Amino acid sequence: MKTKPNDLKKRTVSLKKELSPELEKIIIALELAEAADDPTWAELAVLVLNDMKYLDSAEGQKLKKRIRLEMKS
Amino acid sequence: MTPEEELYLFQRISQMADKYIPTKKLLSIHGITFHQAHSEAEKWRSNFYNLLDKHNICRNNLFSICIDVIELIEKHPENNNIQQIYCMLITDTGLLFPKGKRGKEITVRSYLRQKKNTEKLLQAIADDKALKNQLKILRSKAKLKPEMVKSDDEENAVYEMTLQHQQLKAGEGNTIYMDNVSALIQQINGNPYMRKVKPYLLFSVLFRKSGYLMKRAAYQANIENLFECVNYSIEKDNGKNFSDYGFGVELYEHLRRFYMEDKTVDVPLSDYCFANITNLSDWYYRFCEPNEEVPMTLLRKISEFKAPMFPIILTDEIYQGFDIDEFEIKYPVLVRKIQKEIQVDNKLIRDFSTAIYNNDDVSRNIVQLCENVDAYKFCDMKTAYKAAEILLYCEVENRLTDELIFVAGNWIK
């Protein structure tokens, strides 16, 4: 048992965001492909990233590269 | 998409990418070669079909298998083989019921994932049963008169910890609250059975009786009452309740972390109490982003382990490229009429289900449904038949999905 209180973590509880039907469909498609261990997951993810402005960011470029390299290896 | 939606999607893709384990690494984690894993996957599949035959489960199609398994669980909830079939079935992402052509690598990856999930699910079912029996013992021991055991360090630490929560901040410098928290800890520590579930009991009193703790000197909680089920109204946010429930979940999560290393506390048993005596865990998983290890009920665990979209009864062959969303936009009244008819006509859905089970022709049911709603008044019959067929399959699939989860209730009766 701890004799000092542990700090309260932030955001243990945050309510789910309401997603637009379009976004929900993209997420379901990605999750399904991923859950089925389908290699098209990578293609699908890259396709989605291509459509997003985050692709322009360094983070987005790195993620895209990682998905391509790691998942298609 | 809005920038917020893009960010959300980006984060989700990043999370999925982080979770992804390349096949080579996956094999080394399991200590197995690719060839061995593939041959085990084949054995896994044949073992599943052997088990179906052993229990005379109708192998006409996925629907008939699911229906028979549900019936068998209801008749023989204790049968280990049937539990095994159930867990293999609902965790399937295409190894047992492939959709299209699958390469060897997908087979291996699916097998490793499914084997792990099946084992975890079987363990969860067994654990749940054992914990349920322990809760019975706890209930019978709650009346024992405790010998108050003082522990200044613990009492101070818990008091300080509770003040980190906005809803208990009023207890700061409040000697009544401080003394009541100390007395509550002493009361729980004085009964070795209650001590095991200290995080749950502390949470219950702090969450439900904070007013008494703050204002009533020498308040003593009725521990026995804390084992009676509490069902909060979780269907709708009334502006206050959801924020209270959020506090409750955070408080419990905080307490379980606090006592995690305490050998006298049985954290799994305490978690079981939290998940099954209150419905705050249900609330959390329904309405919140699950970003912490908040305890789950067995039914929730099953929903989590179930492969997404399982079971797929409404296949691509049935869709045949028909766009039901577009149809609904064009004929919203007809779609509503069909859906309503499906809901009220129990015989129709029963006959339709029987036909699917037996691999029989379902056109009779579809024609009947279209006639019942005068579909010919809205569009050509061929289109109406297709829409009616898809909506019927949707309903059957939804009902089956629910039944596959709720049947697990037989293990927690």
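I looked up B:K198 and found it buried, at a relative accessible area of 0%. The model is a predicted one.

I then searched for its partner. The side chain of B:K198 forms a salt bridge with that of B:E154, 2.6 Å from N to O. I noted that this pair links distant parts of the chain, 44 residues apart: B:K198 is in helix α10 (residues 198–208) of chain B, and B:E154 is in helix α7 (residues 152–163) of chain B. B:E154 also counts as buried, its relative accessibility being 1%.

Next I took a pair within one helix. B:E119 and B:K115 meet through their side chains in a salt bridge of 3.8 Å, N to O. Both lie in helix α6 (residues 104–141) of chain B, four residues apart, or about one turn of the helix.

A:K25 forms a salt bridge with B:D325, with 3.7 Å between the closest N and O atoms. By relative accessible area, A:K25 is exposed, at 55%. B:D325 counts as partly exposed, with 40% relative accessibility.

I recorded one network of salt bridges, which links B:K150, B:D152 and B:E155.

Last, I ran the search over the whole structure and got 17 salt bridges over all chains.

Conventions
Residues are numbered from 1 along each chain as its sequence is written. Chains are lettered from A and ligands numbered from 1 in the order in which they are written. This is a predicted model: local features need pLDDT of at least 70, side-chain atom pairs count only at pLDDT 80 or more; totals for chains, interfaces and linings use all residues. Side-chain values use heavy atoms; hydrogens and water are left out. A salt bridge is a side-chain nitrogen of Lys or Arg within 4 Å of a carboxyl oxygen of Asp or Glu. Buried means under 20% relative accessible area, exposed over 50%, partly exposed in between (1.4 Å probe, protein chains only). Helices (H or I, at least four residues) and strands (E, at least two) are DSSP runs, numbered from the N terminus.
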